[in-house]
Amino acid sequence: MAQLTEQPTTTTPRIGKQGDPCVMVIFGAAGDLTGRKLIPALYNLARADLLSKEFAVLGVARSQMSNDDFRKKVTDEIKESGAEDIDPTLWDNFIRRFYYFAGDFNAPDLCAKLKEYLGKIDRDHSAQQNYFYYLATAPSYFGPLVEKLASAGLMEQGADHWRRVVIEKPFGHDLASAKALNQQLRKVAEEKQIYRIDHYLGKETVQNIMAFRFANGIFEPIWNRRYIDHVQISVAETVGVEQRGSYFDHAGSLRDMVPNHIMQLISLTTMEPPISFDPDAVRDEQAKILHAIQPMSDEEVLSRTVRGQYGEGTLGGERVPAYRSESDVAPDSRTETFVAMKLLIDNWRWADVPFYLRTGKRMPARHTHIVIQFRQAPFVLFRDTSVEHLMPNQLVLHIQPEEGISLQFAAKVPGPVMRLGTVDMNFEYQKYFGKQSSTGYERLLHDCMIGDQTLFQRADMVEAGWSVVNPVLDLWKALPPRNFPNYPSGTWGPKEANDLLERDGRRWRNFEK
């Protein structure tokens with residue numbers, strides 16, 4: 001493995017701008033997302049001195065709890081999450097900023113009642129009337145809650161204070177519903193107040209894609225159709241649907257992963273250099289890519305997409321059930337748990353370069369990666385040697401679970417005969433920069449506090465992503481699958497997914513422990 005020489009650095013207590021004074025209001029504060037991701041992320045920000053001293057959290061949910069009950073719940077959850085190195089003094093100061101409000105999201109006067117309590121917290125913590133609302137709720141509440149906030153005057157901004165709303169995916173379930181949700185939100189809020197969050201963009205390697213491409217003069221000149229043969233994007237999961245059967249059986253892998261996570265990875269990998277890191281400059285370039293993805297006809301959907309559903313099988317040495325045997329899943333379900341697609345981008349840089357993407361559950365390894373495969377070198381120089389063929393170079397961006405970058409290239413094997421071997425140069429974030437406690441939400445929450453929308457999707461980006469998958473959804477609905485389940489758990493998906501690449505003389509790059 002190639003050795004990396006660490007450059008000397010000067011450490012400071014805080015790197016970056018401290019968040020504005022504000023109150024974070026979490027709707028759905030009793031749910032899993034709050035305890036597992038949001039609270040640990042906020043604590044990590046406090047430990048990095050990136051939270052304002054004038055910061056507070058107000059949790060809102062149906063459950064009846066006092067402030068002390070909520071604080072105890074949050075404390076128990078962060079202990080259960082396995083968080084390391086909790087500083088007791090820092091935690092005590094941190095948890096004193098937490099408050100709770102019990103309310104029914106369907107109640108018409110919810111936000112009117114909330115307003116008075118929120119005002120008291122604001123005054124006690126000198127939050128300067130800066131509020132951001134995190135909707136960790138079912139999607140059906142997104143529009144109605146923002147409308148209620150606006151009716152209560154809680155979305156009104158001024159020259160000296162701001163109001164923002166953070167929305168988790170899914171942003172609609174198809175193009176029409178995404179457009180309807182965007183219209184509903186923009187009736188009562190400006191686009192600059194809406195933060196559509198995608199936790200994938202909080203991962204270091206995803207953020208590093210732009211730095212890797214645009215800060216290194218050796219890569220940007222070859223990042224185009226002249227040198228790149230194709231690109232693969234894989235999001236493989238070992239888990240099944242776990243406790244999400246009722247949601248997933250209505251959504252499926254295509255809706256759950258492709259218009260959001262995977263489209264974000266595609267746009268960052270392929271966009272043109274923005275003129276600056278201004279949020280809209282970056283998102284303008286991402287939007288151009290999403291609009292440039294070639295729409296598929298019905299015939300192309302049939303030939304360039306694959307869907308699958310896992311059956312029973314063996315994973316990690318244990319037998320696991322078929323998807324149709326999972327809790328809250330219909331016994332004759334036609335919902336896909338695997339998707340593979342071939343996309344083309346109609347612009348000058350990427351013309352004729354295929355983009356293969358896949359995502360699936362119950363696969364052999366949990367691994368998300370982007371493979372950039374370069375065009376093969378001419379063989380003519382090696383025709384009179386013992387070398388039989390040349391392997392193409394591959395650059396791999398590893399997103400999770402280990403974050404890093406690897407480069408595969410050919411080198412001569414020592415000896416008197418010309419023989420080639422494949423060499424991997426590996427860079428791992430943890431080994432080079434050290435292990436850093438992170439949930440993936442730290443950067444995103446901090447950006448919301450300072451008003452940086454770079455890593456948040458704009459309305460046109462959401463709609464463009466749905467425009468790509470809508471023809472697939474329509475045809476799959478019209479032609480239900482006949483062969484489900486069509487791949488055993490613990491495998492890399494149905495045979496048709498391999499055929500999708502093999503027809504083009506290519507094959508998937510798989511990573512297993």
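How many Å³ is the volume of the largest cavity? The legends below take us there, after a short note on the model.

This is a predicted model, in which local features need pLDDT of at least 70 and side-chain atom pairs count only at pLDDT 80 or more, while totals for chains, interfaces and linings use all residues. Residues are numbered from 1 along each chain as its sequence is written, and side-chain values use heavy atoms, with hydrogens and water left out.

**View 1. Six strands make an open, parallel sheet.**
Follow the order β3-β2-β1-β4-β5-β6 across the sheet. Strands here are DSSP runs (E, at least two residues), as helices are (H or I, at least four), numbered from the N terminus; two strands pair if DSSP finds at least two bridges between them. Strands of a sheet pair through backbone hydrogen bonds, either parallel or antiparallel. At the edges sit β3 (98–102) and β6 (194–196), each pairing on one side only. On average, neighbouring strands of this sheet are turned by 20 degrees against each other, direction ignored. Look for β5 (residues 163–167), which is joined to β6 by three bridges; V165 stands opposite I194 there.

**View 2**
A disulfide is a covalent bond between the sulfur atoms of two cysteines; the search counts a pair of cysteine sulfur atoms within 2.5 Å. Zero disulfides turn up in the whole structure.

**View 3. Strand β12 is largely enclosed by the rest of the structure.**
Six of the six residues of β12 (residues 338–343) are buried. In a regular strand the side chains alternate between the two faces of the sheet. Here F338, A340 and K342 point one way, and V339, M341 and L343 the other. β12 pairs antiparallel with β8 (residues 305–308) over four bridges, where T305 stands opposite M341. With β13 (residues 355–360), β12 makes six antiparallel bridges, and K342 has Y356 as its bridge partner.

**View 4. Strand β15 is buried along its seven residues.**
β15 (residues 394–400) is joined to β14 (residues 367–374) by six antiparallel bridges, with I372 opposite L395. A hairpin of three residues leads from β15 to β16, and these two strands pair over five bridges.

**View 5. The largest cavity has a volume of about 40 Å³.**
On a 1 Å grid over the protein atoms alone, a cavity is a set of points where a 1.4 Å probe fits but cannot get out, and lining residues have an atom within 4 Å of a point. Grid points are joined across faces, edges and corners, and a volume is the space filled by probe spheres set on the points. The structure holds one cavity of 30 Å³ or more. F171, P259, N260, Q457, V462 and W466 line the largest cavity, and α8 (245–270) and α13 (459–478) each give two or more residues to the lining.

Technical notes: Axes fitted to C-alpha atoms, helices over the stretch in contact; angles between N-to-C directions. Buried < 20%, exposed > 50% of the residue type's maximum accessible area, 1.4 Å probe, protein only. 1 Å grid on protein atoms, 1.4 Å probe; cavity = no way out; pocket = protein on both sides within 12 Å on 5 of 7 lines; lining within 4 Å.
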